[in-house]
Amino acid sequence: MATQFQNRLVGTLILVSLGVIFLPDVFDGEKAHYQESFQAIPLQEDVDETLLEASVLPPEEVESFLPPEEPVLVTIGDEGTKSAGDESIVSEADNSQVAAANTQPKAGYEDSAWIIRLGTFRNIDNAKSLVSKLRKKGYSAQLMPRDVKEGELARVEIGPNVSKDKLASMTADLESLTGLKGQLLRFNPLNP
């Protein structure tokens, strides 16, 4: 036989479930239905056929300036290099004319730049702090390879510079600043 508490509990559950089901509809009120108004688009508009039959005029011919086929001449004089855009007068008797024609690069271009390798570091944080210290002092320091991952070695290098003598004179300053004796090496642009 069911106790009085169980009867009250079942009754309460029934009333609450009816309230949850029907009360939102009672309090919601009258629902308004919105319908978008639209207009039918015609399948094909009437097109004026005379516009389609109009003739198109040929393009106008204009004289255009093409650069000469001769190489551009640059004159190096007392005042430095003169380019073709300068409005100064260039004397024809000057023998120091250089043709800037399409020339192949020199065979020894890979030997033209130099770097100073300060060291190879396993601790990336030490290498980064050294690079930032050198950059604050005005040196063009770099961390090689540039995308350093954890566990890899990183090289700290100064340069590249085309003047070997300039970099050689920097080694003493770098040694006193960092305590590292750098190596003067040729820069290889294809495999830095």
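Predicted model: local features only at pLDDT ≥ 70, side-chain atom pairs only at ≥ 80, totals over all residues.
Leaving out residues up to four places away in sequence, Ile116 touches Val156, Glu157, Ile158, Leu167, Met170, Thr171, Leu174, Gly182, Gln183 and Leu184.

Now widen the selection to the core around it. Ile116 is among the residues with the most contacts inside the largest nonpolar core, together with Leu118, Leu134, Val156, Ile158, Met170 and Leu174. That core has 18 residues. To see where they come from, colour β4 (114-121), α3 (124-136), β5 (141-144), β6 (154-161) and α4 (164-178), each of which supplies at least two of the core residues. The top contributor is α3, with five residues.

Next, pick Glu157, one of the contacts of Ile116. Glu157 sits in strand β6. Is Glu157 buried or exposed? Its relative accessibility is 3%, so Glu157 counts as buried, the cut-off being under 20%. Show side chains here and look for two polar contacts: one of 3.2 Å to the side chain of Arg117, and one of 3.2 Å to the side chain of Arg155. Beyond four places in sequence, Glu157 touches Ile115, Ile116, Arg117, Ser140, Ala141, Gln142 and Met144.

For the last stop, move to helix α1, residues 4-28. At 1.5 Å a residue, its 25 residues should span 36 Å, and the end C-alpha atoms are 36 Å apart, so the two agree. Centre on Phe22, where α1 bends by about 40°; Pro24 follows within four residues. Then step off the helix to Gly29, which follows α1 and has a positive phi, near 80°.

Note on methods. Residues numbered from 1 in each chain as written. Heavy atoms only, no water. Expected span 1.5 Å × (residues − 1). Bend = angle between axes of the 7 residues up to and from the residue. Core = buried A, V, L, I, M, F, W, Y, C linked by side-chain atoms within 4.5 Å. Buried < 20%, exposed > 50% of the residue type's maximum accessible area, 1.4 Å probe, protein only. Contact = heavy atoms within 4.5 Å. Polar contact = N/O pair within 3.5 Å; in protein donor to acceptor, adjacent residues only side chain to side chain.
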